[in-house]
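Subject: Handing over the structure

Dear colleague,

I am passing this structure on to you, and my notes on what was found in it follow directly below. Please read them with the structure open beside you.

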Amino acid sequence: MSRRKPSELPAVLMLLPVLVVIVGPFLWLIVSSLKTEREIGRGDPFSFPAQLMWQNYIDAWNIGNFGSLIGNSLINVLGVVTLTLLVCAPAGYALAKIRFPGREWVFYAFIFGLTIPVQAVIIPLYQLLSNLGMINSLWGVTLAQRSNGIPFGLFLMRSFFMGVPNELTEAAKIDGANHFQILTRVFLPLSQPAISALLIISALSTWNDFFLPLVMLISPGNQTLPLGLVRFASTYNTDFRLVFSGTVITFLPVIILYILTQRRFTEGLTQGALKG
C-alpha cells in the first residue's frame with residue numbers, strides 16, 4: 001500500500017474539486033438549516049450560526065407533517081422492494097436457466113422497456129389505474145413504480161443467474177428438486193449481492209421519485225416525502241429556515257441508507273456485470 005500511495009496522489013488531487021462541488025451544497029444546506037432567519041438574511045451564506053438552532057427541525061417536522069410523509073414513503077418503498085423480489089428473481093431465473101421457445105425474444109422485449117421513459121406511457125398508465133380505482137392510492141403508485149422498474153431488475157437478475165454453473169441446476173434436478181425449489185434453495189442464497197444491489201436501487205429510486213406520485217396522488221394525506229416537501233416549500237417559501245430543515249429531513253435518510261449499504265451495492269453491481 002505504501003508503494004501505491006504516491007501514484008494515487010494525482011488522482012486524489014483531481015477528485016478533490018469534484019468532492020467539493022458535490023459535497024459543498026449539502027454542507028451549506030445543513031449549516032443554513034441550523035441558522036436563525038436573521039442570520040440567513042444577512043447575505044453571508046458561508047457563515048456559521050452563532051448557536052445551533054435544532055428547533056428548526058422540530059418546527060419543520062411538526063408544521064410540515066413529515067412524520068406522515070415519511071410513513072407513506074416507507075410503505076411505498078416496502079411495497080416496491082417486495083414486488084421487485086417477487087417478480088424479478090423468478091423472471092430472471094426463468095430467462096436464464098429454463099429453455100422455452102422465444103426465450104430470447106421475451107428477454108429483448110423486456111429490455112426494450114429500458115428505452116421507454118415513464119412520461120411516454122403516463123396517459124394509458126393513468127387510465128388503467130383509474131379504471132382499477134387506484135388513483136390517489138399508495139398501492140397504485142407502488143404498482144406503477146414497480147412496473148416501470150421491472151426491465152432493469154430482470155436484466156440484473158438474469159445477468160447474475162447466467163453466471164451460476166449449470167451443474168448446480170442439474171445436480172438439484174437429480175435430487176428431485178423442481179424449479180421453484182432450485183430458485184429458492186440454490187439460486188437465491190447465491191445471489192445475495194445481486195439481490196441487495198437491486199433492492200437498494202429500487203428503494204433509493206422509489207424514495208426519490210417525484211413524477212409518478214405527482215400524477216397519481218391528490219390528497220395531502222397520501223402524498224410521499226418528495227411531493228410533500230415541494231408542497232411544504234411552496235407554502236413556506238419565505239421562511240428559509242423551515243425550507244432548509246425540511247430539505248435535510250428529506251434527503252438525510254437516503255444518504256444514511258447508501259452509506260450503510262454502499263459495499264453490498266457495489267459488490268452486487270460488479271458481480272452482476274462480470275457474470276453477465
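In this predicted model, helix H4 (residues 66-97) and helix H9 (residues 179-190) pack at an angle of about 100°, and their axes lie 11 Å apart. Helices here are DSSP runs of H or I with at least four residues, strands are runs of E with at least two, and both are numbered from the N terminus; the axes are lines fitted to C-alpha atoms, for helices over the stretch in contact, with angles running from 0 to 180 degrees between N-to-C directions. The angle makes H4 roughly perpendicular to H9, on a scale where under 35 degrees counts as roughly parallel, over 145 as roughly antiparallel, 65 to 115 as roughly perpendicular and the rest as oblique. On the H4 side the contact (heavy atoms within 4.5 Å) is made by Ala 89, Pro 90, Tyr 93 and Lys 97, and on the H9 side by His 179, Ile 182, Leu 183, Phe 187 and Leu 188. Sorted by class, the contact of H4 with H9 holds seven nonpolar residues, one polar and one charged, where Ala, Val, Leu, Ile, Met, Phe, Trp, Tyr, Cys and Pro count as nonpolar, Asp, Glu, Lys and Arg as charged, and the others, Gly among them, as polar.

Before going further, a word on conventions. Residues are numbered from 1 along each chain as its sequence is written, and side-chain values use heavy atoms, with hydrogens and water left out. Since the model is predicted, local features need pLDDT of at least 70 and side-chain atom pairs count only at pLDDT 80 or more, whereas totals for chains, interfaces and linings use all residues.

H9 also packs against helix H8 (residues 166-174), at an angle of about 140° and with the axes 10 Å apart, and the two helices are therefore oblique to each other. H8 passes H9 in a right-handed crossing; a crossing is left-handed if the near helix is turned anticlockwise from the far one by less than a right angle, and right-handed if clockwise. Here Leu 168, Thr 169, Ala 172 and Lys 173 of H8 meet His 179, Ile 182, Val 186, Phe 187 and Leu 190 of H9, and the residues of this contact divide into six nonpolar, two polar and one charged.

Returning to H4, you will find Ser 73 in that helix, where the residue is buried with a relative accessible area of 3%; buried means under 20% relative accessible area, exposed over 50%, and partly exposed in between, with a 1.4 Å probe and protein chains only. Leaving aside residues up to four places away in sequence, Ser 73 touches Trp 207, Thr 224, Leu 225 and Pro 226. Ser 73 and Asn 222 are separated by 149 residues in sequence, while their C-alpha atoms are 9.3 Å apart in space.

The next stretch to look at is helix H3 (residues 55-64), whose buried residues are Asn 56, Tyr 57, Asp 59, Ala 60 and Gly 64. Seen down the axis of H3, these buried residues fall within an arc of 165°, so they line one face of the helix; the arc is that of the directions from the helix axis to the C-beta atoms. Just after H3 comes Asn 65, with a positive phi of about 55° although Asn 65 is not a glycine. Asn 65 lies in the loop between H3 and H4 and is partly exposed, with a relative accessible area of 44%.

A positive phi in a residue other than glycine is also found at Asn 136, where the value is near 65°. Asn 136 lies in the loop between helix H6 (122-131) and helix H7 (138-162), and at 22% relative accessibility it counts as partly exposed. Ser 137 has its place in the loop between H6 and H7 and is buried, with a relative accessible area of 18%; not counting residues up to four places away in sequence, Ser 137 touches Met 216 and Leu 217.

Finally, for the chain as a whole, the secondary structure comes to 13 helices and zero strands. Of the 276 residues in the chain, 39% are buried, and the C-alpha trace spans about 75 × 65 × 30 Å along its principal axes.
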